[in-house]
Amino acid sequence: MPDLHADRCLEDLRAAGFRIAMDDFGSGFSSLAQLAVLPVDTLKFDRQFIRGIHTPNGRRIVDTIITLAGELGLTTIAEGIETAAEADVVRRAGCSLAQGYHFARPMAADDVRLLLATPQAVREPDGLTG
């Protein structure tokens, strides 16, 4: 169970206008039980689920995570999207956002500014953002 002090801090942050994201959902310390008690707005699910997305069970797990998050009113972010096919699968499943090498490689802050200043360089492929 989460620490009550941490829970109160998260509630205070939300009251101040911050949105709370649970990162790397499905790995480490982020669990289903925490979704029931922590005040989160966004669920970022781990790349490990994307790796198996082209298997029947892997696809079902991704679909279930996205559906569960939607039922809880959470925004979903798929981490580690590396191909157009992966982007298409999470988009069709209803995922809100995505990030990964398919959209852009890591870059320096100055390069990000240049990228964002070029309208053609930044696009929203089929409802997903990088």
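Trainee: How many salt bridges does a search of the whole structure find?
Mentor: The search finds nine. A salt bridge here is a side-chain nitrogen of Lys or Arg within 4 Å of a carboxyl oxygen of Asp or Glu. This is a predicted model: local features need pLDDT of at least 70, side-chain atom pairs count only at pLDDT 80 or more, and totals for chains, interfaces and linings use all residues. Residues are numbered from 1 along each chain as its sequence is written, and side-chain values use heavy atoms, leaving out hydrogens and water.
Trainee: Which side chain does Lys44 meet in a salt bridge?
Mentor: Glu79, at 3.4 Å, N to O. The pair links distant parts of the chain, 35 residues apart. Lys44 is in strand β2 (residues 42–45), and Glu79 is in the loop between β3 (75–78) and α5 (84–92). Helices (H or I, at least four residues) and strands (E, at least two) are DSSP runs, numbered from the N terminus.
Trainee: Is Glu79 buried or exposed?
Mentor: Buried, with a relative accessible area of 9%. Lys44 is buried too, at 16%. Buried means under 20% relative accessible area, exposed over 50%, partly exposed in between (1.4 Å probe, protein chains only).
Trainee: Switching to helices. What does Arg92 pair with?
Mentor: Asp88, with the closest N and O atoms 2.8 Å apart. Both lie in helix α5, four residues apart, about one turn of the helix. Arg92 counts as exposed at 59% relative accessibility, and Asp88 as partly exposed at 25%.
Trainee: And which residues do shared partners join into one network?
Mentor: Asp23, Lys44 and Glu79.
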